[in-house]
Structure formats: structure tokens, C-alpha cells
Amino acid sequence: MVVVNKTSVELNHFMFKKLLRVRKANPSDLNEVYAIACSVGTSEKISEQGFLVDDYRSNPKFYKKKLLNAIMNLEHFYVAEYDKIYGFMMAYTKEQWLADNPDWITDVYWKPDFDKSKLDNFVVVDKTAIKAGLTGQGIGSLIYTRLLSDLKSEGIENIFAETIISPQPNFASLQFRKKQKYTLAGMRYEHYNDKLYTDLVYYKKVE
Ligand SMILES: CC(C)(COP(=O)(O)OP(=O)(O)OC[C@H]1O[C@@H](n2cnc3c(N)ncnc32)[C@H](O)[C@@H]1OP(=O)(O)O)[C@@H](O)C(=O)NCCC(=O)NCCS
């Protein structure tokens with residue numbers, strides 16, 4: 001009986017993953033994207049489950065505006081969708097990232113052996129969020145496959161991503177970086193909403 005249940009659950013996961021499609025986001029996705037953000041970006045930060053730093057429900061108007069702005073302006077804003085949206089990812093080109101974070105390159109304490117020529121052209125994956133309760137089922141990886149394919153055709157070879165380790169570590173994100181074969185490139189301190197965060201800065205080659 002237990003085996004039958006396990007098999008049917010695995011089959012459902014398999015079917016679900018096969019039916020999911022990754023596409024670029026558009027403004028009509030806003031409410032669903034916001035709902036995903038709310039599911040993992042709450043006032044309660046659980047290291048093991050992963051979290052977004054912001055508490056999205058605390059100010060719907062503000063966060064919806066922010067997300068809409070990202071959907072409309074970022075070339076690399078993806079959603080994973082079947083009957084509805086189950087996850088999203090947003091990535092900034094170098095120009096977009098430095099426009100928002102002008103001192104980022106000098107703020108990072110780069111590992112002494114990190115090859116800084118990789119900073120010539122890159123994207124920064126800023127946020128990946130999968131609906132709470134559906135993490136660990138390959139949706140994040142599926143979105144990455146699409147991002148990598150697009151970056152390859154655009155001739156962009158380098159990806160950076162940051163993971164918070166303090167005041168509270170994001171263990172799910174740390175594990176996910178490992179799974180995506182990121183390597184540690186450096187760290188930085190980030191002041192955000194009157195709080196000091198410590199971020200690990202990860203690097204991954206597009207291949
Ligand atoms: C981090 C996150 C984007 C990964 O996406 P995902 O769809 O769950 O990841 P996948 O299923 O494709 O990959 C699974 C791998 O991610 C890691 N992972 C994902 N969730 C995890 C969790 N809760 N605990 C530990 N590892 C986790 C593991 O390495 C796992 O590999 P495994 O299945 O072989 O053990 C997702 O868990 C998430 O949205 N978390 C909440 C928000 C967040 O923390 N975002 C990252 C910060 S911007």
C-alpha cells in the first residue's frame with residue numbers, strides 16, 4: 001500500500017514537471033507572481049525552506065509596483081507555468097544591475113584567485129522563488145535550463161547570484177547553488193531596509 005502511494009506521488013511529480021513550461025513573464029502575470037512571492041517572502045524566515053528577504057504582504061501596492069517594474073524592464077524575467085504560475089526568476093544584465101547597485105563590483109570582497117575578467121559581461125540572478133510547498137521538485141532547475149539556453153544564444157558567459165548567510169542563512173538557496181554548480185566568488189555586506197546582511201557571492205559559467 002505504501003509503495004503504491006509513493007509510486008503515484010512520484011508519477012504525479014513526473015507528469016507535473018513534464019507539463020510545466022518556462023516562458024518570459026508579461027504584465028498580466030503580476031498577480032500570480034506576487035502570490036508566489038508572498039508564499040516564500042513572509043515575515044517569518046525559515047532557513048531550511050528558503051525565503052525571500054522582503055515581507056511581500058506588508059505592502060501589496062509597493063511590492064506589486066516593484067514586481068511589475070521588473071517584469072516590464074528585465075529581459076530575463078521568467079515564469080514556470082502549467083495551469084497557473086508555480087515559480088519565477090528574475091535576472092539583471094550587468095548594465096541593469098549596476099544601475100541599481102552602482103558600487104557592487106567594488107563592494108564585493110572578491111576571492112583573491114577569482115578571475116575578474118568574468119566581470120566584463122554578466123547577469124545577476126536576483127530572485128528565484130518557487131511556490132511554497134512545491135520546492136525541491138525541479139521547478140527552479142527547469143527555469144535555470146531556460147535562462148542558460150537564452151544566455152548562450154545571447155553570448156553572455158557569466159552568471160552571479162547572491163545568498164544571504166546572515167542575520168539568517170538561507171540553507172535552501174545554499175544547497176541550490178551547489179546543485180547548480182556555482183562556485184564561491186566572494187562576499188559582501190549589504191545594507192537593506194535598515195538592516196545589515198552578509199551575502200555570499202556565487203559565480204557560474206554559462207555552458
Ligand atoms: C531555492 C529555490 C529557488 C530552489 O528551487 P527548487 O525548485 O526548490 O529547486 P529544484 O527542485 O530545482 O532543485 C532542488 C535542489 O535545490 C536544493 N533545495 C531546494 N529546496 C531545498 C530545501 N528546502 N532544502 C534544502 N535544499 C533545497 C537542493 O540542492 C535540491 O537538490 P536535491 O533535490 O537533489 O536535494 C526554492 O527552494 C525556493 O523558491 N525557495 C524559497 C525562496 C528562496 O529561498 N529563494 C532563493 C533566494 S533568492
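Leaving aside neighbours within four places in sequence, which residues is V108 in contact with? In this predicted model, V108 is in contact with G186, R188 and V201 once those neighbours are set aside. V108 is placed in the loop between α5 (104-107) and β4 (109-110). It is partly exposed, because 19 other C-beta atoms lie within 10 Å and a buried residue needs 20 or more. V108 and G186 are 78 residues apart in sequence, yet their C-alpha atoms are 6.3 Å apart in space.

**Nonpolar core**

The largest nonpolar core has 43 residues, of which V33, A37, Y78, F88 and F160 touch the most other members. Two or more residues of this core come from each of α2 (30-40), α3 (60-73), β2 (76-81), β3 (85-93), β5 (122-130), α6 (139-154), β6 (158-166) and β8 (195-205). Not counting residues up to four places away in sequence, Y78 touches V22, R23, K24, A25, F88, M89, I143, R146 and L147.

Another tyrosine, Y86, lies in strand β3. Y86 is buried because 21 other C-beta atoms are within 10 Å, where 20 or more are required. With residues up to four places away in sequence left out, Y86 touches L20, A80, I130, K131, L134 and I139. The C-alpha atoms of Y86 and A129 are separated by 8.7 Å, and these two residues are 43 apart along the chain.

**Packing of α2 and α3**

Two packed helices are described by the angle between their axes and the distance between the axes. For α2 and α3, the angle is about 120° and the axes are 10 Å apart. Their crossing is right-handed. On the α2 side the contact involves L30, V33, Y34 and A37, which meet Y63, K64, L67, L68 and I71 in α3. By class, this contact has 8 nonpolar residues, no polar ones and 1 charged residue.

**Shell around the ligand**

There are 25 residues around the ligand, and G50, T135, G140, S141 and Q175 come nearest. The elements that give two or more residues to this shell are β5, α6 and α7 (171-179). Of the elements, α7 gives the most, with 7 residues. The shell divides into 9 nonpolar, 12 polar and 4 charged residues.

**Backbone exceptions**

Most residues other than glycine have a negative phi, and most peptide bonds are trans.

| Residue | Phi | Loop |
|---|---|---|
| K181 | about 60° | between α7 and β7 (183-192) |
| N193 | about 50° | between β7 and β8 |

Are these two residues buried or exposed? K181 counts as exposed because it has 10 C-beta neighbours inside 10 Å. N193 also counts as exposed, since it has 8 C-beta neighbours inside 10 Å. The limit for an exposed residue is 12 or fewer.

A further exception concerns a peptide bond: the one that joins S166 and P167 is cis, with omega of about 10°. P167 lies in the loop between β6 and α7.

Note on methods. Residues numbered from 1 in each chain as written. Predicted model: local features only at pLDDT ≥ 70, side-chain atom pairs only at ≥ 80, totals over all residues. Core = buried A, V, L, I, M, F, W, Y, C linked by C-beta atoms within 7 Å. Helix = DSSP H or I, 4+ residues; strand = E, 2+ residues; numbered from the N terminus. Contact = placed C-beta atoms within 7 Å. Near = placed C-beta within 6 Å. Nonpolar A, V, L, I, M, F, W, Y, C, P; charged D, E, K, R; others polar. Axes fitted to C-alpha atoms, helices over the stretch in contact; angles between N-to-C directions. Left-handed = near helix turned anticlockwise from the far one by under 90°.
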